Amino acid sequence: MSLPAVLTLIADRKSGPLKPEAIDVARTLVKGNAPIVLSPGEAVDIPCPPPRPGSASAATIRATLAPYRVDALLLKTRGRRRAVLVADMDSTIVTGETLDELADLLGCGEDVAAITRASMNGELDFETALEQRVALLAGKPASVLEDVWASVTLTEGARELVQTMRKHNGRTALVSGGFTWFTQRVAELCGFDENYGNALEIEDGKITGRLAGPILGPDAKRDHLERLTSERGVQLRAALTTGDGANDIPMLASAGLGLAFHAKPNVRRIISTQINFANLRAHLFAQGYHARDFVTD
């Protein structure tokens with residue numbers, strides 16, 4: 001009979017393989033069984049008893065293993081595989097911030113980046129921050145959007161995450177506070193079933209500095225999560241969400257598995273399940289997938 005909890009360890013492959021010492025330390029912390037290899041040198045599952053008063057907390061385990069550049073997720077064994085994936089785009093599915101990169105090319109990068117930082121750190125509400133940033137783009141040529149798109153890079157593991165979950169009948173959605181001009185293209189590149197974002201108003205080849213529709217902010221992200229799970233016929237605990245910024249907190253906190261992915265400090269203070277070192281493949285290991293089961297084409 002399997003144990004009711006599992007500690008999943010995932011290494012940052014660019015920093016080297018998962019060290020046996022890290023596995024031994026983790027097993028001691030959780031009084032775990034022998035590790036089950038999910039990917040040689042990259043990820044293991046350690047079956048273990050559920051947390052009890054006086055046992056090591058998830059935060060303690062994470063901090064203890066951080067020097068090894070290893071992410072540690074203490075999860076329930078039951079219901080690990082999720083039926084719905086809702087993912088943020090900027091600094092999650094793609095490596096950069098598309099709005100900041102657009103502003104850089106248009107000569108207002110420093111002003112926009114400062115507002116972005118304040119918003120992602122929770123110092124400025126998302127709606128106000130977005131309106132201020134978009135206003136700075138007024139009168140600029142929309143053709144620059146193509147230049148930004150040419151430099152967009154998917155985060156390692158993005159396609160594997162989306163395609164693997166789709167193969168196993170998961171419903172996948174890209175839900176971003178960024179622009180639909182980018183979400184549509186990123187979604188197609190990764191294979192998301194659907195995508196949502198903010199519509200940038202463009203007239204006569206120029207950015208007007210306004211949005212063409214209501215703002216998709218933190219509450220709207222959570223609303224999409226609730227709608228998607230309802231349409232899929234599952235409860236919120238069957239969903240996986242991932243993101244890095246303050247506007248992702250409501251959907252991260254509402255899902256059965258919300259992963260703060262290389263997240264801002266204020267997000268990490270609130271969301272205890274975190275990926276701080278590894279790439280997006282970690283989201284599959286967290287669900288108990290073996291690397292041999294990943295869709296890699």
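Arg 222 and Asp 219 form a salt bridge in this predicted model, with the closest N and O atoms 3.3 Å apart; a salt bridge here is a side-chain nitrogen of Lys or Arg within 4 Å of a carboxyl oxygen of Asp or Glu. The two residues are three apart in helix H9 (residues 218–232), so about one helical turn separates them. Helices (H or I, at least four residues) and strands (E, at least two) are DSSP runs numbered from the N terminus. Arg 222 is partly exposed at 27% relative accessibility, and Asp 219 is partly exposed at 46%. Buried means under 20% relative accessible area, exposed over 50%, and partly exposed in between, using a 1.4 Å probe and protein chains only.

The model is predicted: local features need pLDDT of at least 70, side-chain atom pairs count only at pLDDT 80 or more, and totals for chains, interfaces and linings use all residues. Residues are numbered from 1 along each chain as its sequence is written, and side-chain values use heavy atoms, with hydrogens and water left out.

The structure holds 16 salt bridges. One of them joins the side chains of Asp 12 and Arg 69 at 3.5 Å, N to O. Asp 12 sits in the loop between strand E1 (5–11) and helix H1 (20–30), and Arg 69 in the loop between helix H2 (58–65) and E4, 57 residues apart. Asp 12 is buried at 10% relative accessibility, while Arg 69 is partly exposed at 38%.

Glu 194 and Arg 171 pair at 2.9 Å, N to O. Glu 194 belongs to strand E7 (residues 194–198) and Arg 171 to strand E6 (residues 171–179), so this bridge ties together parts 23 residues apart in sequence. Glu 194 is buried at 13% relative accessibility. Arg 13, Glu 42, Glu 156, Glu 160 and Arg 281 are linked in a salt-bridge network.

A pocket is an open set of points on a 1 Å grid over the protein atoms alone, where a 1.4 Å probe fits, with protein on both sides within 12 Å along at least five of seven lines; lining residues have an atom within 4 Å of a point. Volume is the space filled by probe spheres set on the points, which are joined across faces, edges and corners.

| Pocket | Volume | Lining | Nearest the centre |
|---|---|---|---|
| Largest pocket | About 440 Å³ | 19 residues | Lys 76, Arg 78, Arg 82, Arg 237, Gly 256 |
| Second largest pocket | About 240 Å³ | 14 residues | Lys 14, Thr 155, Phe 261, His 262, Asn 279 |

E4 gives the largest share of the lining of the largest pocket, three residues.
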